[in-house]
Amino acid sequence: MLALLLLAAVASSVLMFRLLAFSETNAQAGSAPERWPAETSLQRAGGSHPDLLVFIHPYCECTEATLDELSTLIPSNSAVTFLIYRPHDSGWKANSLVQRLSAMGSARVVWDEDGREAKRFGARTSGYTMLYGASGELLFRGGVTGSRGHRGDNYGLDDLQAALRSGVPARKAHAVFGCALGGNTGQKKL
Amino acid sequence: MRSFFWKTAVRPSSMVAASTHGQAQATRYFEEAFEKLSSVTDRMFVLLLGAEWVGLVITACVISPRVWSGAESSIHPHVLAALLSGPAFIVPAMLFAVLYPANRWTRHTIAVAQMLVSTVLIDVSGGRIETHFHIFGSLAFLAIYRDWRVLITASVVTVGDHFVRGIWWPESVYGLLTVSPWRWVEHAWWVVFEVFFLILASRRSIGEMWEVAWSKTQLHEDAYHDFLTGLGNRRLLREEFAAARKRDSSARRGVLYIDLDRFRQASESLGLAAGDRLLRMVAARLVEAAGADDTLARIGGDEFVILTGALEPEGEAEELASRVLAAMSKPFDLDDQQMLLSASIGISYYPKDGDDLSGLKDRASRATYAAKAQGRNQWAVFSPEVARREVIRQDIRRDLQGAVKRNEFLLEYQPVIRNNGQLYGFEALLRWKHPVRGMVEPADFVSLAERSGGIIEIGEWVLAEACRSCRDWQREGGLEPGVAVNVSSVQFEDPDFCERVIRILRNSGLQPGLLTVELTETVLVRDLPRARRILQRLRGEGVQVALDDFGTGYSSLSYLTALPADIVKLDRSFLSRDFLDAAPLIESIILMAHKLGLRVVAEGVESAEQRAGLRSLRCDAMQGFYFSAPLGGEVLSRYLAAAAGGQRVAEDSDMAGAASR
């Protein structure tokens with residue numbers, strides 16, 4: 001009985017360590033440029049409209065929650081751009097998630113080939129959301145879900161709402177829960 | 001589990017003061033109930049853990065089935081974690097529950113597994129708040145065990161997990177809602193808070209289980225124990241015997257059948273309340289004498305049985321019987337008086353003398369009769385010889401019926417001699433001339449006749465025959481010796497006793513003053529007012545009343561004044577010891593009797609020294625073998641003729657011998 005208990009304890013410890021180790025490597029919000037990067041090929045909305053960018057991995061289940069949260073929030077006075085990551089020669093086509101994005105009214109859907117725009121904006125995780133003001137300053141960056149695939153109130157969404165309303169930059173970046181965008185970046189998933 | 005719960009569980013205060021046997025029984029009931037509860041809960045956890053494992057895998061697959069790194073996908077670590085939770089801790093806990101049900105280590109293993117399921121679920125869901133409720137659900141479920149230590153284990157696992165992850169990997173347990181690395185303290189507090197109340201509820205519930213166990217014990221005590229003495233009853237004896245046989249059917253065991261000698265008389269002289277107290281004292285002595293493995297039961301008024309534990313050496317039951325006799329030999333203190341009791345013990349052995357309790361008891365009780373026949377206050381082991389004697393006893397009991405009609409009884413008369421040596425009278429002594437067995441002593445059949453009720457008919461015959469003989473002595477020899485007739489308790493209790501005596505006396509034509517009715521004190525004090533009425537009526541008719549066997553057992557001098565009597569018959573036991581030692585006591589009784597106007601007759605005089613001593617103490621009359629053995633037939637006629645011839649019978653102890661020649 002004691003041997004069985006010891007075996008179970010060791011197995012449990014290894015499992016928990018692996019889980020914790022996995023969890024610890026995630027939750028990277030990325031490093032968005034403080035101002036709208038000049039090298040991007042994306043067009044700004046122009047006028048007094050802020051730009052909302054959302055980087056998406058088309059096969060990331062957790063990003064569904066991000067879209068749910070954003071659908072309640074997408075402002076009429078901002079230009080929303082979804083950047084769909086597509087690796088080189090992957091042959092990925094619009095799947096159900098992309099089709100859903102396309103159906104979201106005024107949203108712009110852009111295929112981000114090999115994640116070039118993601119690199120320019122410092123996005124490394126699907127669901128990474130950033131908001132640039134009309135004058136090009138960074139107002140918000142990070143995730144808008146509480147946890148993996150979690151729908152419901154969270155600080156990221158609150159801060160994004162506040163930034164949209166006031167135009168004042170959020171004080172901190174928020175963890176992003178999603179799959180890695182482009183290559184093996186060391187991030188696995190959050 | 002036993003010692004664990006004995007030390008920790010909440011027991012009702014009433015139980016603390018209970019007997020060791022009661023506590024053991026209540027503990028047995030409690031442990032049975034707790035074991036049942038644990039087994040059922042273990043099985044529930046087997047199902048729950050299995051379902052949780054499946055649920056965990058499904059949850060992981062729904063939330064994050066695959067992980068993508070750019071264009072590469074792989075199974076999500078959460079799915080792997082959910083799958084591996086099975087072999088890591090869920091399946092071991094389930095195996096423990098199946099292999100070691102109701103074991104406390106199983107409970108703790110299940111508690112650890114259940115709380116780890118909660119932590120994995122929280123991690124898989126990214127620390128979403130809803131999954132934290134799983135922890136509280138798990139704790140509540142674990143509380144079904146009502147084992148507070150399991151709850152402590154569960155809370156230690158959860159608090160430890162939250163501490164480690166809260167400090168070093170806060171987002172894995174709190175998700176984005178991490179405000180501070182110290183948030184784990186808040187989580188731990190809520191866990192401790194819930195566990196505190198669950199422990200309170202568990203302990204309360206355990207307390208209630210003890211109450212139930214104790215109530216069942218009390219019901220059991222009532223059903224299986226003698227209310228008066230607290231010893232077991234027949235039912236307990238039967239079940240303990242069956243259980244002992246089931247444990248080890250080849251083990252040798254003894255059955256001791258204990259019958260208190262003359263307890264009924266003692267109880268009657270003391271009164272019912274004191275008799276009950278005496279029985280309780282006897283029971284306590286038996287408990288002291290018996291061993292821890294022995295079962296004691298009271299199966300009748302003054303009948304007890306001890307079923308011994310497994311016996312190793314030969315004679316162990318006999319040793320126990322000796323211990324019982326030794327325990328009984330010490331005086332019993334009852335208020336201001338001391339009682340002396342003895343017991344007769346019969347012993348039978350399982351499996352030698354039988355393999356069922358009823359048979360063993362029966363054989364032991366037969367051995368008890370043998371012990372009584374040998375003079376009481378001893379033990380006897382059942383044997384074929386004992387069985388043979390019992391058969392004889394049964395035969396005698398059967399043959400007693402109709403013995404009066406068949407004229408098989410006869411009377412012998414032992415002379416009673418005055419202080420001056422003159423013949424005073426005779427005591428009529430019953431004899432049974434059995435057609436097959438020859439002369440049977442009264443000791444061998446009177447008690448049987450009393451039990452069957454045949455003593456009424458026999459007693460009537462004795463009285464009539466004694467009166468007739470006495471009247472014949474008057475008519476034929478011109479002598480006027482009185483005749484004394486012994487009356488048993490059964491005769492005296494007969495509602496028609498008084499009328500019957502008067503009727504027989506009148507029918508015989510005997511002068512009433514020549515008839516003496518001898519009654520023992522214990523017969524009379526059973527219902528003192530009634531006894532006084534009867535004695536007054538008999539004395540009113542002119543019949544003499546003698547208090548027989550005075551000085552034995554429970555005699556009280558106060559009865560001398562309370563009972564209307566004419567004669568006190570000093571018991572032979574006074575003369576069985578050194579006369580010089582007994583003389584002061586005899587003298588006191590004689591003096592007191594004389595002051596109360598009673599005559600004193602000493603029984604059992606067997607030597608000239610005793611006769612001379614009694615004479616010097618002014619004892620009114622004497623009887624015993626020194627003067628004459630009981631006489632009958634021709635011998636009696638010659639004795640009467642000699643007495644009528646004017647010989648002083650007391651001075652010539654050869655007279656009886658001459659008469660017999």
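## Basis of the model

Because the model is predicted, local features need pLDDT of at least 70 and side-chain atom pairs count only at pLDDT 80 or more, while totals for chains, interfaces and linings use all residues. Residues are numbered from 1 along each chain as its sequence is written, chains are lettered from A and ligands numbered from 1 in the order in which they are written, and side-chain values use heavy atoms, with hydrogens and water left out.

## The two chains

Chain A holds five helices and five strands, where helices (H or I, at least four residues) and strands (E, at least two) are DSSP runs numbered from the N terminus. Read from the N terminus, the order of its elements is α-β-α-β-α-β-α-β-β-α. Of the 190 residues in chain A, 52% are buried, a term that stands for under 20% relative accessible area, with exposed meaning over 50% and partly exposed in between (1.4 Å probe, protein chains only). Among contacts in chain A with a separation of 6 or more, 77% join residues 24 or more positions apart, a contact being heavy atoms within 4.5 Å. The accessible surface of chain A is about 8300 Å², with 53% of it supplied by carbon and sulfur atoms; such areas come from the Shrake-Rupley method with a 1.4 Å probe, and for residues only the protein chains shown count as cover.

Chain B has 661 residues, of which 53% count as buried, and its secondary structure comes to 27 helices and 18 strands. In chain B, residues 24 or more positions apart make up 68% of the contacts with a separation of 6 or more. Its accessible surface is about 29700 Å², and 55% of that belongs to carbon and sulfur atoms.

## Helix packing in chain B

Helix H7 (residues 148–168) and helix H9 (residues 183–224) of chain B have axes that come within 9 Å and cross at roughly 175°; axes are lines fitted to C-alpha atoms, for helices over the stretch in contact, and angles run from 0 to 180 degrees between N-to-C directions. H7(B) and H9(B) are therefore roughly antiparallel to each other, the class for angles over 145 degrees, as against under 35 for roughly parallel, 65 to 115 for roughly perpendicular and the rest for oblique. The residues of this contact divide into 13 nonpolar, six polar and one charged, where Ala, Val, Leu, Ile, Met, Phe, Trp, Tyr, Cys and Pro count as nonpolar, Asp, Glu, Lys and Arg as charged, and the others, Gly among them, as polar. Those on the H7(B) side include Trp148(B), His162(B) and Phe163(B), and those on the H9(B) side include Trp184(B), His187(B) and Arg203(B).

Helix H13 (residues 316–329) of chain B has 14 residues and reaches 20 Å from its first C-alpha to its last, close to the 20 Å expected at 1.5 Å a residue, the expected span being 1.5 Å times one less than the number of residues. Its buried residues include Leu320(B), Val324(B) and Met328(B). The buried residues of H13(B) pack against several elements of chain B, among them strand S3 (253–260), helix H12 (272–289) and strand S8 (343–350).

## Buried helix residues

Glu117(A), in helix H4 (residues 116–121) of chain A, is buried, with a relative accessible area of 4%. Leaving aside residues up to four places away in sequence, Glu117(A) touches Thr40(A), Ser41(A), Leu42(A), Phe55(A), Leu83(A) and Asp112(A). Glu117(A) and Leu42(A) are 75 residues apart in sequence, yet their C-alpha atoms are 8.3 Å apart.

Thr106(B), in helix H5 (residues 104–124) of chain B, is also buried, at a relative accessible area of 0%. Beyond its neighbours within four places in sequence, Thr106(B) is in contact with Asp42(B), Phe96(B), Ala97(B) and Tyr100(B).

## Backbone geometry in chain B

Most residues other than glycine have a negative phi, and most peptide bonds are trans. Ala102(B), however, has a positive phi of about 60°; Ala102(B) sits in the loop between helix H4 (77–99) and H5 of chain B and counts as buried at 10% relative accessibility. Asp549(B) likewise has a positive phi, of about 55°, but lies in strand S15 (residues 544–550) of chain B and is partly exposed at 27% relative accessibility.

The peptide bond from Tyr350(B) to Pro351(B) is cis, with omega near 0°, and Pro351(B) is found in the loop between S8 and helix H14 (357–373) of chain B.
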